[in-house]
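Let's take a walk through a protein together, one piece at a time. Keep the picture open while you read.

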Amino acid sequence: MEDRQYAALVSAMVQYDAGSPKRIQHLLKVHSFARTIGILEGLDAETQYILETAAIIHDIGIRSAEEKYGSSAGYLQEKEGPEEAEKVLEMTGGYTEEQKARICWLVGHHHTYTDITGLDYRILVEADFLVNLYESGERYRAILAGEKNIFQTDSGKMILHQMFKEKE
């Protein structure tokens, strides 16, 4: 992702999530893991661009879900996210219609852990899961269960094991 595009998108999301440092910190961490895993897994430039964009805006549906339903449940984020994502992508520019469609689709599925198709989708789920595991303070047993059910990339598994490695 080009530096200017990255900066414009992060700036837009910081404005969108103004007053919520936890959400801003979260999106930056998910982006960092997604970028790293994507590079380590050898994604092509187009897929990497889509992945990184989706990682930055993946939780954009939270605010709308909370306003409409009083909840930020994952399925509500997925329901509300694509429309909000489309607005931010239009505002920041730099995306083809096909790219916007895929990014919005990823935003609308990032809490769906079944029938994961595409390495961009797989990596987004893994990156978000890594950050959510840390932020929610899950025990190691739950982390290992997450590996069995969620993690498929070698790079995601490696980061998971190193992050949550038990001290000897």
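Start with rings: those of Phe, Tyr and Trp (its six-membered ring) pair if their centres lie within 6.5 Å, and planes under 30 degrees apart count as stacked, over 60 as edge-to-face and the rest as tilted. By this rule, the count here comes to four aromatic pairs. Before we visit some of them, a word on where this comes from. You're looking at a predicted model, where local features need pLDDT of at least 70, side-chain atom pairs count only at pLDDT 80 or more, and totals for chains, interfaces and linings use all residues. Residues are numbered from 1 along each chain as its sequence is written, and side-chain values use heavy atoms, with hydrogens and water left out.

Back to the rings. One of the pairs is W105 with Y121: edge-to-face, 5.1 Å centre to centre, with 85° between the planes. W105 sits in helix α6 (residues 97-107) and Y121 in helix α7, 16 residues apart, so to speak a link between distant parts of the chain. Helices here (H or I, at least four residues) are DSSP runs, numbered from the N terminus, as are strands (E, at least two). How open are these two residues to the outside? Buried means under 20% relative accessible area, exposed over 50%, and partly exposed in between (1.4 Å probe, protein chains only). W105 is partly exposed at 30%, while Y121 is buried at 1%.

Now look at Y113 and F129. Their ring centres are 5.8 Å apart and their planes lie at 85°, so this pair is edge-to-face too. Y113 is in the loop between α6 and α7 and F129 is in helix α7, so the pair ties together parts that are 16 residues apart in sequence. With a relative accessibility of 32%, Y113 counts as partly exposed, but F129, at 16%, counts as buried. Ring pairs also bring in F151, linking Y113, F129 and F151 into a cluster.

Stay in that area and find I150, in the loop between α8 (140-149) and α9 (154-163). Is I150 buried or exposed? It's buried, with a relative accessible area of 4%. Which residues does I150 touch, not counting those up to four places away in sequence? They are Y113, R122, V125, E126 and F129, where contact means heavy atoms within 4.5 Å. The C-alpha atoms of I150 and F129 are separated by 8.1 Å, and the two residues are 21 residues apart along the chain.

D115 isn't a glycine, yet it has a positive phi of about 55°. At 70% relative accessibility, D115 counts as exposed.

Next up, how the helices pack. To follow the angles, you need to know that axes are lines fitted to C-alpha atoms, for helices over the stretch in contact, and that angles run from 0 to 180 degrees between N-to-C directions. Take helix α2 (residues 21-40) and helix α7 (residues 119-136): their axes come within 8 Å and cross at roughly 135°. Angles under 35 degrees count as roughly parallel, over 145 as roughly antiparallel, 65 to 115 as roughly perpendicular and the rest as oblique. That's why α2 and α7 are oblique to each other. On the α2 side, the residues that meet α7 are H26, K29, V30, F33, A34, I37 and G38. Facing them from α7 are I123, L124, E126, A127, D128, L130, V131, N132 and E135. By class, the contact of α2 with α7 divides into nine nonpolar, three polar and four charged residues; Ala, Val, Leu, Ile, Met, Phe, Trp, Tyr, Cys and Pro count as nonpolar, Asp, Glu, Lys and Arg as charged, and the others, Gly among them, as polar.

While you're on α2, spot L28 in that helix. L28 is partly exposed, with a relative accessible area of 30%. Leaving aside neighbours within four places in sequence, L28 is in contact with Y6 and V10.

E46, Y49, I50, T53, A54 and I57 in α3 meet Q99, R102, I103, L106 and V107 in α6. Sorted by class, this contact of α3 with α6 has seven nonpolar, two polar and two charged residues. Helix α3 also meets α7: their axes come within 10 Å and cross at roughly 35°. Here T47, I50, L51, A54 and A55 of α3 make the contact with D120, I123 and L124 of α7. The residues of the contact of α3 with α7 divide into six nonpolar, one polar and one charged.
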